[in-house]
Amino acid sequence: MARLMKKNGEYVLKDIQLSQANDMYLELEPDNAFEVSVRFMDKRRITERQRRFIFALCNEIAYYMGEDAEWVRMLVQNYNAKLRNIDVESLSTTDMTYANGLIDTIINFMIEKEIPFSKKLIDDYGYTFDERQTYSMCLKRVCVVCGSRAEIHHVDSVGMGNNRNKISHVGKRALPLCREHHTECHTIGNAKFIEKYHLTPITIDKKMEYFIKKKKLRFFKEDLENGND
């Protein structure tokens, strides 16, 4: 098995097994090189906490869909494997990297399919939504704290008295918050609120600005170029 090390600021691969022909190819010219894929081997085993969280999330999906929980676990694991181009691994013996990736995939799936989150479940396992997930929750109008119906809260103020449909929102930060948490945020202030709930505000782009102003989606050139049509 090859080993990856770092020496003098550069990454070095050692103990690589090459065929004689490939070895000669590298010997002939100093500039010859192969492109290689590196897969990190995480020696940290999945924790019981991670495993319970995965099972609990799958139970939430199963309850919402009216399906068997074991079937849902099989479904999301196969979906995760296809998405990440990896093999399905046993939840009793896999590593922490696989478990974290699977948890993110399940959360993304629930956001996309608008499957309700249990706030207690998210709180109990200390899960923090990343910026991409928060962006999706803005578009779905889902509160990033409790999963209730949300409105868009501007972390960076658009200015008192300004017409929100005329000024630019691009570059400002925002969060999707329900009325209750929106009020709490205004009461205690953005900094304390974000720290309290471990939130990651999004940065408003042209697509999100259009959504905020028009209450509907529009695809821009960047979306089409990235295959988001």
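I began with contacts (heavy atoms within 4.5 Å), and I noted that residues 24 or more positions apart account for 56% of the contacts in the chain with a separation of 6 or more.

I reminded myself that this is a predicted model, in which local features need pLDDT of at least 70, side-chain atom pairs count only at pLDDT 80 or more, and totals for chains, interfaces and linings use all residues. Residues are numbered from 1 along each chain as its sequence is written, and side-chain values use heavy atoms, with hydrogens and water left out.

I then looked up the elements and found ten helices and five strands in the chain, where helices (H or I, at least four residues) and strands (E, at least two) are DSSP runs numbered from the N terminus. Of the 229 residues, 34% are buried, a word that stands for under 20% relative accessible area with a 1.4 Å probe, protein chains only.

Next I turned to helix 2, which covers residues 48-65. Its buried residues include Phe53, Ile54, Leu57 and Ile61, and among the elements that cover its buried residues are helix 3 (69-84) and helix 4 (96-112). Just after helix 2, I found Gly66 with a positive phi of about 70 degrees.

How do helix 6 and helix 9 lie, and at what angle do their axes cross? The axes of helix 6 (residues 131-140) and helix 9 (residues 206-214), lines fitted to C-alpha atoms over the stretch in contact, come within 10 Å and cross at roughly 25 degrees. Helix 6 is therefore roughly parallel to helix 9, since angles under 35 degrees count as roughly parallel. Tyr135, Cys138 and Leu139 of helix 6 make the contact with Lys207, Met208 and Phe211 of helix 9.

Conventions:
Buried < 20%, exposed > 50% of the residue type's maximum accessible area, 1.4 Å probe, protein only. Expected span 1.5 Å × (residues − 1). Axes fitted to C-alpha atoms, helices over the stretch in contact; angles between N-to-C directions. Parallel < 35°, antiparallel > 145°, perpendicular 65-115°, else oblique.
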